[in-house]
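Please work through each task before reading its solution.

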There are 2 protein chains.
Amino acid sequence: MSTDPSNPSPTLLSAACPLPASQHPRVLLGHGGGGRLTQELVERMILPAFANAHLDQRHDAAVLPTAGARLAFTTDSHVVHPLFFPGGDLGTLAVNGTLNDLAMSGARPACLSAAFILEEGLPFETLQRIVDSMKRAAAAAGVPIVTGDTKVVERGRGDGIFITTAGLGWIHHTATIAPASVRPGDLLIFSGDLGRHGIAIMATRESLQFESTIESDCASLVEPVLALLEAGIEVHCLRDLTRGGAASALHEIAGAAQLSLFIDEQRVNIRADVRAACEILGLDPMQVACEGRFLLVLPAAAAESALAVLRKFPTSEQAAIVGEVKERGRTPVVLRSRLGPARILEMGSGEQLPRIC
Amino acid sequence: MSTDPSNPSPTLLSAACPLPASQHPRVLLGHGGGGRLTQELVERMILPAFANAHLDQRHDAAVLPTAGARLAFTTDSHVVHPLFFPGGDLGTLAVNGTLNDLAMSGARPACLSAAFILEEGLPFETLQRIVDSMKRAAAAAGVPIVTGDTKVVERGRGDGIFITTAGLGWIHHTATIAPASVRPGDLLIFSGDLGRHGIAIMATRESLQFESTIESDCASLVEPVLALLEAGIEVHCLRDLTRGGAASALHEIAGAAQLSLFIDEQRVNIRADVRAACEILGLDPMQVACEGRFLLVLPAAAAESALAVLRKFPTSEQAAIVGEVKERGRTPVVLRSRLGPARILEMGSGEQLPRIC
């Protein structure tokens with residue numbers, strides 16, 4: 001967080017760079033954590049440069065009109081460390097992460113691309129295991145990987161392997177699944193328990209031992225989401241609870257919709273072992289990434305039917321109503337507790353959980 | 001090229017890994033160079049895992065049927081070092097490289113994605129310059145960047161910035177632009193002089209001084225290619241001359257079409273300064289990457305009309321017929337010289353020119 005006096009050209013920087021140069025002349029790890037710092041970087045530097053109507057929607061996937069159905073298009077780089085963790089690896093993450101971004105538009109994924117950046121010296125055995133995981137995850141979702149690329153960087157200039165996937169999907173419904181569709185009175189549903197992916201990574205990285213192994217929730221969300229839409233349930237907004245956790249997803253929606261979101265803390269499902277690990281690590285479980293959980297915003301009247309659909313799928317069988325949408329108040333996201341007073345749910349800075357996906 | 005005795009599990013490796021384990025248990029820089037080693041890696045490990053009809057076409061972009069026009073989909077990671085070089089930078093490369101892959105399918109690019117992997121400590125000034133280059137290149141082509149992602153890795157785990165772009169384009173013609181369409185008697189056209197991009201990078205990297213600065217040829221090829229198609233010229237195959245240079249492109253087509261390609265060496269346009277630099281660096285200019293040049297294969301009867309179209313565009317004004325396609329002989333690619341005997345044009349291993357794009 002300190003300023004860096006070695007920044008070569010502060011004058012040019014302050015002239016050209018819309019980021020607060022005096023604060024952050026250089027990229028911090030937290031700029032990749034999916035919290036406030038990531039938001040600042042994207043909003044102040046990247047979105048202004050590339051501004052267009054699709055990008056300005058700020059959804060996980062761009063939605064493009066075509067002659068027939070609408071087309072969803074998304075991409076994510078995956079830099080998770082370590083490469084292998086309980087419940088998954090870089091390969092499962094690279095496939096499911098992009099499938100889930102398509103699902104959050106209500107799109108049926110059609111195909112994926114995969115671009116590899118390999119570090120010189122990576123054992124082929126490691127690459128093979130990751131490629132096999134991608135193969136399995138893609139096959140499980142019935143989505144082919146149709147194009148790709150492979151680059152290699154010198155030893156010490158990468159970190160084993162980074163994978164960037166892009167995905168295309170077709171949107172057959174006509175709903176606008178976006179923060180703009182969210183209304184006061186809507187209910188909020190989390191599709192399952194929170195925080196397992198982030199804790200699985202942190203526990204592996206820090207060699208923490210808990211009584212039981214905490215496995216990542218990494219999974220495809222395509223089936224439960226498409227089942228909701230096929231059941232004719234009115235869906236206002238969807239957001240996967242990845243980097244930045246539930247807190248970032250709630251803040252993004254509250255900010256974009258200019259509404260306030262109220263979460264009942266006791267309804268949020270966080271496993272006891274995950275909660276204990278969060279306490280040890282000093283993390284708020286609402287800020288910890290999942291890779292197989294999503295937030296569903298929908299009219300109150302549709303909530304029970306939605307839960308009935310979601311409970312048919314293993315990844316969302318513990319779906320529960322966790323809160324509601326109100327007119328914009330003083331705070332964008334409020335956590336209500338049965339025992340204590342309501343508190344403001346902050347968006348994390350993103351510095352606590354680098355390289356979680 | 002040596003074997004590495006520290007490979008942790010040779011038994012598992014030889015069981016699971018289709019690459020010749022005894023030769024290369026680990027990734028070499030050359031596996032990213034676009035030559036023989038890259039081909040081996042992709043053919044033995046990645047294509048078998050993800051096998052499907054689109055991927056098996058092995059074109060720069062996958063071509064997907066839709067209700068209306070066909071859709072082209074492609075991706076490339078860009079890891080060029082150094083980030084800035086005469087005639088361009090990582091940003092221009094990341095945009096034009098993917099636009100060109102779409103153009104090689106005869107597609108009109110519709111949109112791009114951009115995924116950034118930043119190294120902690122990267123000056124924002126550097127990021128801003130690269131983002132601005134992307135903005136300019138995308139605007140020049142009239143193609144919006146509609147979705148993206150930003151990740152950060154720790155200092156020493158990346159190299160400043162890597163950018164992966166994916167692209168979508170619409171194919172409005174009905175031709176099959178692919179090696180399968182190439183016929184004996186077809187002519188080969190190079191759209192301009194060869195090798196400038198690779199030499200611009202190598203000269204910058206090695207701080208080589210030549211009398212004049214050799215600038216990269218990095219440019220969008222969309223306009224000349226679409227002009228060919230719009231003029232109704234019968235195009236059999238297109239290939240951009242990137243990693244691995246003209247040699248890799250010619251070998252890929254010869255291999256896929258099971259034909260032999262004959263190049264007249266004296267018709268290949270290589271600038272004197274590039275030729276001199278290649279001699280100093282011990283490189284074959286036919287193996288050096290371009291980023292704004294392509295190979296066009298077409299019926300002999302269409303060649304003059306094609307040249308007339310290409311010469312209207314600055315990037316292809318020096319287009320020239322350089323050879324012809326024949327029935328498959330003993331060698332896939334032959335260089336004919338006016339003075340000496342014909343010689344076999346080899347595909348490079350890819351080790352000489354790492355991180356060229």
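**Exercise 1: Helix packing**

The crossing of H4(A) and H5(A) is right-handed, that is, the near helix is turned clockwise from the far one by less than a right angle. The model is predicted: local features require pLDDT of at least 70, side-chain atom pairs count only at pLDDT 80 or more, and totals for chains, interfaces and linings use all residues. Residues are numbered from 1 along each chain as its sequence is written, with chains lettered from A and ligands numbered from 1 in the order in which they are written.

Task: At what angle do the axes of H4(A) and H5(A) cross?

Solution. Helices (H or I, at least four residues) and strands (E, at least two) are DSSP runs, numbered from the N terminus. Axes are lines fitted to C-alpha atoms, for helices over the stretch in contact, with angles from 0 to 180 degrees between N-to-C directions. The axes of H4 (residues 90–103) and H5 (residues 124–141) of chain A cross at roughly 35 degrees and come within 6 Å.

**Exercise 2: Strand pairing**

Task: In which sense do S8 and S12 of chain A pair?

Solution. Pairing requires at least two DSSP bridges between two strands. S8 (residues 187–190) and S12 (residues 320–327) of chain A are antiparallel over four bridges. A:Ile189 has A:Ile321 in S12(A) as its bridge partner. Both strands belong to an open, mixed sheet of seven strands, ordered S9-S11-S8-S12-S10-S13-S14 in chain A.

**Exercise 3: Chain interface**

Task: How many residues does chain B bring to the contact with chain A?

Solution. Contact means C-beta atoms, placed from the backbone, within 7 Å. Chain B contributes 76 residues, and chain A 76 residues. On the side of chain B, strand S6 (residues 145–153) gives the most, with nine residues.

Notes. Contact = placed C-beta atoms within 7 Å.
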